[in-house]
Amino acid sequence: MLVLSRKKNESIVINNDITIVVVEIRGDKVRLGVEAPKEVPVHRREVYDAIKRNESEQSATDASANLESE
């Protein structure tokens with residue numbers, strides 16, 4: 001893992017087209033801004049995990065339905 005120190009209004013660039021900006025620092029919370037192309041999905045980790053969990057459950061349901069129809 002790469003660990004970087006940034007101050008308010010400083011940023012990092014990922015792969016030439018994704019920019020992460022420190023928008024605000026308040027106590028133990030940091031607000032980040034993300035600039036990315038529309039085709040690049042950006043989610044909070046808990047949302048990403050829920051999406052992956054739902055996809056996995058859907059795949060299991062689809063596989064079960066395919067077995068029953070054979």
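Analyst: First, a definition: two strands pair if DSSP finds at least two bridges between them. The model is predicted.

User: How many bridges link S1 and S2, and in which sense do they pair?
Analyst: Pairing takes at least two bridges. S1 and S2 meet that in the antiparallel sense. The number of bridges is four.

User: Which residue in S2 is the bridge partner of Val13?
Analyst: Ser11 stands opposite Val21 in S2. Ile14 stands opposite Ile18 in S2. For Val13, the bridge partner in S2 is Thr19.

User: Where does Thr19 find its bridge partner in S3?
Analyst: S2 and S3 run antiparallel and are joined by seven bridges. Thr19 is the bridge partner of Val13. In S3, Thr19 is partnered by Glu35.

User: What is the strand order in the sheet?
Analyst: The sheet is open and has three strands, paired antiparallel. S1 and S3 are the edge strands, as each pairs on one side only. From one strand to the next, the twist averages 25°. The order is S1-S2-S3.

User: Which pattern does the protein follow along the sequence?
Analyst: The secondary structure comes to one helix and three strands. The strands are S1 (11–14), S2 (18–26) and S3 (29–35). Read along the sequence, the pattern is β-β-β-α.

User: What phi does Asn15 take in the hairpin of S1 and S2?
Analyst: The hairpin has three residues between S1 and S2. Asn15 lies in that loop. Asn15 is not a glycine, yet its phi is positive. The value is about 55°.

User: Is Asn16 buried or exposed?
Analyst: Asn16 also sits in the loop between S1 and S2. Its phi is positive, near 65°, in a residue other than glycine. Exposed means over 50% relative accessible area. Asn16 has 77%, so it counts as exposed.

User: What relative accessible area does Asn15 have?
Analyst: The cut-off for exposed is over 50%. Asn15 is exposed. Its relative accessible area is 63%.

User: Which residue takes a positive phi in the hairpin of S2 and S3?
Analyst: That hairpin has two residues between the strands. The phi in question is near 65°. The residue is Gly27.

User: How much space lies in the largest pocket?
Analyst: Its lining includes Leu4, Arg6, Glu10 and Ser11. Ile12, Ile20, Val22, Ile25, Val30 and Leu32 line the pocket too. The space comes to about 150 Å³.

User: How many residues in the lining of the largest pocket are nonpolar?
Analyst: Sort the lining by class. One residue is polar and two are charged. The nonpolar residues number seven.

User: What share of the residues of the protein count as buried?
Analyst: Buried means under 20% relative accessible area. The protein has 70 residues. The share that count as buried is 10%.

User: What share of the contacts with a separation of 6 or more comes from residues 24 or more positions apart?
Analyst: A contact means heavy atoms within 4.5 Å. Consider the contacts in the protein with a separation of 6 or more. Residues 24 or more positions apart account for 0%.

Key
Residues numbered from 1 in each chain as written. Predicted model: local features only at pLDDT ≥ 70, side-chain atom pairs only at ≥ 80, totals over all residues. Heavy atoms only, no water. 1 Å grid on protein atoms, 1.4 Å probe; cavity = no way out; pocket = protein on both sides within 12 Å on 5 of 7 lines; lining within 4 Å. Points joined across faces, edges and corners; volume = space filled by probe spheres on them. Nonpolar A, V, L, I, M, F, W, Y, C, P; charged D, E, K, R; others polar. Axes fitted to C-alpha atoms, helices over the stretch in contact; angles between N-to-C directions. Buried < 20%, exposed > 50% of the residue type's maximum accessible area, 1.4 Å probe, protein only.
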